[in-house]
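These entries record what I looked up about a pocket and a ligand. I began with the terms, then turned to the pocket and finally to the ligand.

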Amino acid sequence: MIIMGILNVTPDSFADGGRHYSLEAAVKRGTEMISEGVDIIDVGGESTRPGADRVSESEELSRVIPVIRELSKLGVTISIDTMRASTARAAVTVGATIINDVSGGLADPEMLLTAAELKTPYIAMHWRGQSKEMNSMAHYGDVVADVISELNVRVNAALAAGINRENLIIDPGIGFAKDAAHNWAIINNIEQFVDLGYPVLVGGSRKRFLGGDTPDERETASIALTKTLATSRIWGVRVHSVKPHKDVLSA
Ligand code: PMM
C-alpha cells in the first residue's frame with residue numbers, strides 16, 4: 001500500500017494549516033517526508049476544510065508552484081491537490097505527475113479534458129459541493145451505494161473526456177459531505193469500492209470522525225486506521241505524518 005504524504009501550503013488547512021506556509025518550511029517538510037520513505041507528496045494550496053473560502057487562482061499558484069518546482073528536483077513523485085484545471089496544468093509543467101481533484105471534475109468543467117490531455121494519473125474523489133455548503137449535503141439513502149453510484153458517474157465522465165482507464169484512481173472522499181457514521185460505513189465497506197476495478201485512495205488522516213478535540217489528538221487513531229486499511233486491497237492512504245504509517249505497514 002502506498003503512502004501519500006500531505007503537504008498543505010496554506011494558512012488554514014484543518015490539521016497542518018500554517019505549518020508549511022512558507023516555501024522554506026514546505027520544502028523542509030517535503031525533504032523530511034522523502035527521508036521517511038514517502039511514496040507521493042500531495043501538494044495543495046487551497047484548504048477544503050468545511051466552511052473554507054475559495055482562494056484565487058493566482059494565490060493558489062503562488063503557494064504551490066515554487067514548492068513543486070523545488071521538490072521535483074529531489075526526484076520524488078508529486079501530486080497536485082487542486083480543483084482548477086489551470087493550476088493542474090501549471091503544476092505538471094514544473095514537475096507534478098499526478099492530479100488529485102477533490103471534486104472529481106465537478107468544480108472546473110475543463111479539468112477532465114485537461115487531465116486527459118496531460119496524460120497523467122487522475123484521482124477522482126467523491127464530492128458533492130464546495131466547502132461552504134458541503135455539510136448540508138450529507139444526506140444519503142444508503143451511503144455506500146450512493147457514493148459508489150456517484151463515483152461511477154465521475155468515472156464515466158473521466159473516461160468520456162479521454163482519461164485512460166489505467167490513469168484513473170478513485171477516492172470515497174472521507175469527510176466531504178459526510179458525517180461520522182457515513183465515513184465509518186464507507187471504511188467498513190471499502191472493499192466494495194475496490195471492486196469497482198480502480199485503485200482506491202483513502203484520506204482519513206486526522207479528520208473529525210476519528211474523535212478527539214484537535215487534529216493532533218487524532219494521530220493515534222489515524223495510524224490505527226492505516227493499520228486496519230492495510231488488511232484491505234486499497235491502493236493507498238493520504239496521511240499527514242509519514243514515518244508512523246510506514247512503521248505500521250512494515251510491523
Ligand atoms: N482530503 C483533503 C484534501 N484533499 N484529497 C483526496 N484525494 N482525498 C482526501 O480525503 C482529501 C484530499 C482534506 O484534508 P487536508 O486539509 O488535510 O488536506
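Entry 1, terms. For the classes used below, I count Ala, Val, Leu, Ile, Met, Phe, Trp, Tyr, Cys and Pro as nonpolar, Asp, Glu, Lys and Arg as charged, and the others, Gly among them, as polar. I note that the model is predicted.

I looked up the volume of the largest pocket and found about 640 Å³ of space. Its lining comprises 33 residues. I then asked which residues lie nearest the centre of the largest pocket. They are Phe-14, Arg-49, Pro-50, Gly-175 and Lys-207. By class, I recorded twelve nonpolar, eleven polar and ten charged residues in the lining. Among the secondary-structure elements, strand S1 (2-8) and helix H6 (180-188) each contribute at least two residues to this lining.

Where does the ligand sit? I found that the space it takes is the largest pocket. I recorded 16 residues surrounding the ligand, with Asp-81, Asn-100, Asp-171, Lys-207 and Arg-238 as the closest. This shell divides into seven nonpolar, five polar and four charged residues.

I looked up which ligand atoms the side chains approach. For Asp-171, an N or O atom of the side chain is 2.7 Å from a nitrogen atom of the ligand. For Lys-207, a polar side-chain atom lies 2.8 Å from an oxygen atom of the ligand. For Arg-238, the distance from a polar side-chain atom to an oxygen atom of the ligand is 2.7 Å. As to cover, the ligand on its own has 410 Å² of accessible area, and the protein covers 98% of it.

Terms used: Residues numbered from 1 in each chain as written. Predicted model: local features only at pLDDT ≥ 70, side-chain atom pairs only at ≥ 80, totals over all residues. Heavy atoms only, no water. 1 Å grid on protein atoms, 1.4 Å probe; cavity = no way out; pocket = protein on both sides within 12 Å on 5 of 7 lines; lining within 4 Å. Points joined across faces, edges and corners; volume = space filled by probe spheres on them. Helix = DSSP H or I, 4+ residues; strand = E, 2+ residues; numbered from the N terminus. Near = heavy atom within 4 Å. Polar contact = N/O pair within 3.5 Å; in protein donor to acceptor, adjacent residues only side chain to side chain. Areas by Shrake-Rupley, 256 points an atom, 1.4 Å probe, with all protein chains shown as cover. Sits in = over half its atoms within 2 Å of the grid points.
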